[in-house]
Amino acid sequence: MVKSTVPVGTTRRCATVAASHGVHLVSNPEFLREGHALHDFLHPDRIVIGADNEACAGIVADLYAGLDAPVLFTSPESAELAKYTSNALLALRLSFVNELSDLCVRVGADVREVTRCAGADPRIGEAFL
């Protein structure tokens, strides 16, 4: 099981080598916040399992039995890229708010008020603003 953030295609390339030894690999990226790893592991908002072998994907899904989260089955490449996408979107939001804060200072606005108003839109949400 590959849990780290790895370049897209890593699981498939490693699986090719592992298959000759009868081993199957599954991409199962973690979505853990620094300082909150245990809580995030026990209360995930989603579980991503990237596998070509349905039986192996099911075995990994069974490891999460009892956790209340949707299990999203994908290809290994989609699972790997989903991790990068999540990281990039979070970084983008934080970077955007930093730029917004600078703009607020220049125009006399309060960034907390601006983000509170923008975050009230359910399409945006207040997280990471």
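This briefing covers helix packing, salt bridges and surface features of the structure above. The model is predicted. It holds six salt bridges. One of them joins E77 and R12, and these two residues also take part in the contact between helices α1 and α4. A nonpolar patch on the surface includes F41.

**Helix packing**

- Two packed helices are described by the angle between their axes and the distance between the axes.
- Helix α1 spans residues 10–19, and helix α4 spans residues 76–107.
- Their axes come within 8 Å and cross at roughly 140°.
- On the α1 side, T10, T11 and R12 make the contact.
- On the α4 side, the contact residues are P76, E77 and E80.

- Side chains of opposite charge can pair when their charged atoms come close.
- E77 and R12 form a salt bridge through their side chains, at 2.4 Å from N to O.
- E77 belongs to helix α4 and R12 to helix α1, so the pair ties together parts that are 65 residues apart in sequence.
- E77 has a relative accessible area of 23%, so this residue is partly exposed.
- R12 is partly exposed too, at 35% relative accessibility.
- A network of salt bridges links R12, D52 and E77.

**Other salt bridges**

- R46 and D45 meet through their side chains in a salt bridge of 2.7 Å, N to O.
- R46 counts as partly exposed, at 22% relative accessibility.
- D45 reaches 55% and counts as exposed, because the cut-off for exposed is over 50%.
- R123 and D121 form a salt bridge as well, with 2.6 Å from N to O.
- R123 is exposed, with a relative accessible area of 74%.
- D121, at 21%, is partly exposed.

**Nonpolar surface patch**

- L32, L38, F41 and L42 make up a nonpolar patch on the surface.
- Together they have about 360 Å² of accessible area.
- F41 sits in helix α2, which covers residues 37–42.
- The relative accessible area of F41 is 37%, so F41 is partly exposed.

**The segment after α5**

- A127 is found in the segment that follows α5 (111–119).
- A127 is partly exposed, at 44% relative accessibility.
- A127 and L94 are 33 residues apart along the chain.
- Their C-alpha atoms are separated by 9.9 Å.

Notes
Residues are numbered from 1 along each chain as its sequence is written. This is a predicted model: local features need pLDDT of at least 70, side-chain atom pairs count only at pLDDT 80 or more; totals for chains, interfaces and linings use all residues. Side-chain values use heavy atoms; hydrogens and water are left out. Patches are made of residues with over 30% relative accessible area and no salt bridge: like charges are joined within 9 Å, nonpolar side chains (Val, Leu, Ile, Met, Phe, Trp, Tyr) within 5 Å. Accessible areas come from the Shrake-Rupley method with a 1.4 Å probe; for residues, only the protein chains shown count as cover. A salt bridge is a side-chain nitrogen of Lys or Arg within 4 Å of a carboxyl oxygen of Asp or Glu. Helices (H or I, at least four residues) and strands (E, at least two) are DSSP runs, numbered from the N terminus. Buried means under 20% relative accessible area, exposed over 50%, partly exposed in between (1.4 Å probe, protein chains only). Axes are lines fitted to C-alpha atoms, for helices over the stretch in contact, and angles run from 0 to 180 degrees between N-to-C directions. Contact means heavy atoms within 4.5 Å.
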